[in-house]
Structures are given as C-alpha cells and as structure tokens.
Amino acid sequence: MEARTISEVFDLVEANDGIGVVPIENSIEGPINETLDNLFLRDNIYVTREIEIPIRIVLCANKEVKGYNKIERLYAQPYAYSESKERINDIIKNIKELIPVESTSKAAVLASKDPQGAALCSEFAAKLYGLKVLIRDVQSGPNFTRFFIIAKRLKLRGSKTLLFITVPHRPGGLYKALEKFYKHNINLTMIYSRPIKTIPWRYYFHIEFEGSLSLKKVNKAIEELKEYVEVLKIKGSYTRSQFQA
C-alpha cells in the first residue's frame, strides 16, 4: 500500500498492523524530522530493522523538452533538491518555478505530464514514467540514506538500539543522562534534539547506541536512566542491512 507522506506510513502501520519503510537520516542533509517526531509521539510503533541505501539522483525531463533552457518547472522533493542544487543550479538557473513535492516518484509523475517539466528522481522512476535522463548522479558526492523498518512489535535483539528521553530542565540535565551510557561502556552512534510540540522551548532527545536490549549492561543503563529522566521511550533493537543494487 502506497503512502504519500512519512506520517501516512505511520498511519497505515497503526491501522493495519503491518510494516512500513521510512527514512531516518541522510548522510548529507542529516536527520529526517518527520520520522523522528512520529517515532517519539506514537508509543505503539517500533523499529525492527535498518537499511542503508546509496542515493543516486538524476535530472530528467519530459520528452517534449528540447534542452535545458526549455525547462520551465522543476518538480523536486526538498531533500533531493538540497542534495542536488550545487550541480544543477547553473543548468536550470532560468527556471521559472521550483515545485516542492512529497516524494521523488511524485516528481517523476508530474514531470511526465508537463511538456516543460523536469524532475529530480531515481533513474528507475525516470524510466518508469517515460522521462529522458539529462544528467546522472547530480547529488553532492557520496550520498546514503538510512531507512527504518517500522512495525507494532518491540524487538529485543540487534546491533543497535533506539530510545527517546526528556531530561530535567536544569544545568547538567543532558550530561547526567548521557553519563549512564559512559558508565556502562555503551557507545552512542547518534543523538539529535527536537522540540516538544506541546511545550515551547523544551526538547526531547533521540539517542541511538550500540548494543541490544537483551544485554545486561544496556538494561542497567536504561534502569538508571528511568530514575533520572522525565520521559523514556524505548523503540527497539535492530540490525543494519546494506542494500545491494
């Protein structure tokens, strides 16, 4: 079942008790905030696996477009545009309209119906919707995106674990929380802060670390965290898979 947005993927997983695939982080642009916020807010959805995929973006156009200077509209998912703008800005600097869309596949669909339209998408999407590829690999250098497989079940085993916390609003609040990981020799692989939507100027922290919920040292660290933090939400353990094209 296809979803138009990241939040819709979460809606479908909740409603149908299935699995979903959502982006969590790009190696150039950083975290995907919509995914982080949904994981924080939805207590019954967990991460079961991580997939790392190399991202190769092409600039493609409707077959009616006869040259770069004939492109009037560019359809692009905002992250794809951010990753590609350095290479394509000189080429399409005279473009009349940049149209943000929710996905690269949607960009390809719209460009296929627009005789002055172009898109940033995968080469697969370009072929699927009958677009001609103008430039390959327009992304800025090596580019990878991490995706999470999400489901309504908590996994206790894997190479990494994800949780969310909020800490007391006082000096050293975050330091005292992170100290628990240092104490138990647990290596953090990612930490981000995001605003709590219902409390202005307060934040939650997304923490990913090496180790499984089945390990004693991880459970000891979590038990000590529970005694200190205001909120703690465990999102499961998971293992990374490398995508093979």
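This passage looks at helix α7 and the four-stranded sheet beside which its buried residues pack. The model is predicted, with local features needing pLDDT of at least 70 and side-chain atom pairs counted only at pLDDT 80 or more, while totals for chains, interfaces and linings use all residues. Residues are numbered from 1 along each chain as its sequence is written, and side-chain values use heavy atoms, leaving out hydrogens and water.

From one strand to the next, the twist averages 15 degrees. Six bridges join β10 to β12, and L163 stands opposite I207 in β12.

Helix α7 (residues 216-228) comes next, with 13 residues. Its buried residues (under 20% relative accessible area, against over 50% for exposed and in between for partly exposed, with a 1.4 Å probe and protein chains only) are V218, A221, I222, L225 and Y228. Seen down the helix axis, they fall within an arc of 120 degrees (taken from the directions from the axis to the C-beta atoms), so they line one face of α7. The face turned away from this buried side carries the exposed residues K216 and E227. The buried residues pack against β10 (160-166), α6 (173-183), β12 (203-210) and β13 (231-238), contact meaning heavy atoms within 4.5 Å.

Conventions. Helix = DSSP H or I, 4+ residues; strand = E, 2+ residues; numbered from the N terminus. Expected span 1.5 Å × (residues − 1). Pairing = 2+ DSSP bridges. Axes fitted to C-alpha atoms, helices over the stretch in contact; angles between N-to-C directions.
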